[in-house]
Amino acid sequence: MKKLVICNHCEAINRITINKSENGYFECGKCKKKIEEKAGPWPVTDQRLEKLISLSELPVVVDVYADWCGPCKMYAPIFKNVSARLWEKADFYKIDSESNPNISHRYNIRGIPMTLIFKNGQLVCSQSGAMDEVQLERLIQKYM
Ligand SMILES: [Zn+2]
């Protein structure tokens with residue numbers, strides 16, 4: 001299985017083989033700098049998310065949030081921890097719904113935080129509200 005990682009130096013999308021990680025890092029194919037394997041969830045734009053969903057071989061898990069949203073702030077570290085724990089099994093992103101208004105329209109998002117899960121390019125789950133780590137992990141495991 002290949003995982004998608006986004007370089008935090010040049011923003012290139014890298015497709016990497018999971019068991020080839022060296023000491024927790026991959027080399028970016030474009031700029032050759034190191035990318036930390038557990039650096040997700042990567043912030044993405046609306047357009048980029050569509051591209052990533054179409055490229056991904058793993059379930060794609062997305063946190064839709066906004067900076068003004070209190071529950072979103074509480075949920076962010078929970079999402080981050082689960083993303084670090086399940087990094088080999090899913091691709092994790094976060095998207096700011098304020099600067100990417102199309103996302104709410106496209107996926108009919110009425111409340112945030114919203115967790116979206118895509119599999120084989122299709123939306124398979126949209127779960128509104130913050131969850132704890134156990135709940136989020138269980139939800140993702142349903143789609144692995
Ligand atoms: Zn790079």
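Let's start at Thr115, which sits in strand S8, residues 114-119. Helices and strands here are DSSP runs, H or I of at least four residues for helices and E of at least two for strands, numbered from the N terminus. This is a predicted model: local features need pLDDT of at least 70, side-chain atom pairs count only at pLDDT 80 or more, and totals for chains, interfaces and linings use all residues. Residues are numbered from 1 along each chain as its sequence is written, and side-chain values use heavy atoms, with hydrogens and water left out.

Back to Thr115. Is Thr115 buried or exposed? Its relative accessible area is 0%, so it is buried. The cut-offs: buried is under 20% relative accessible area, exposed is over 50%, partly exposed is in between, with a 1.4 Å probe and protein chains only. The Thr115 side chain makes a polar contact with the side chain of Tyr75, at 2.6 Å. A polar contact is a pair of N or O atoms within 3.5 Å; within protein, one must be able to donate a hydrogen and the other to accept it, and residues adjacent in sequence count only if both atoms are side-chain atoms. Leaving aside neighbours within four places in sequence, Thr115 is in contact with residues including Val61, Val62, Phe79, Gln127 and Met131.

Next, the cores. A nonpolar core is a set of buried Ala, Val, Leu, Ile, Met, Phe, Trp, Tyr and Cys residues joined through side-chain atoms within 4.5 Å. The largest has 28 residues, and Leu49, Val62, Val64, Tyr93 and Leu116 touch the most other members. Strand S1 (2-6), helix H1 (46-55), strand S6 (60-65), strand S7 (91-96) and S8 each supply at least two residues of this core. Domain 1 (1-39) and domain 2 (40-141) each give this core at least three residues. Those bounds come from an automatic or database domain assignment. Take Tyr93: beyond four places in sequence, its contacts include Leu4, Ile6, Pro41, Trp42 and Leu49. Apart from this core lies another, of 15 residues, among them Ile78, Val82, Phe92 and Met131.

Now the metal. Which residues coordinate the zinc ion? Cys7, Cys10, Cys28 and Cys31, through their SG atoms, at 2.3 Å. Donors are N, O and S atoms within 2.8 Å of the metal (3.2 Å for Na, K and Ca); water is not among the atoms, so sites may look incomplete. Along the chain the donors follow the spacing C-x2-C-x17-C-x2-C. Cys10, in the loop between S1 and strand S2 (13-17), and Cys28, in the loop between strand S3 (25-27) and strand S4 (34-36), are 18 residues apart and link distant parts of the chain. Cys10 is partly exposed, at 26% relative accessibility. Cys28 is buried, at 0%.

Finally, the backbone. A cis peptide bond joins Gly40 and Pro41, with omega about 0 degrees. Pro41 lies in the loop between S4 and strand S5 (42-43). The peptide bond from Ile112 to Pro113 is also cis, omega near 0 degrees. Pro113 is in the loop between helix H3 (101-106) and S8. Glu11 is not a glycine, yet its phi is positive, near 70 degrees. Glu11 is in the loop between S1 and S2, and it is exposed, at 54%.

Technical notes
Contact = heavy atoms within 4.5 Å.
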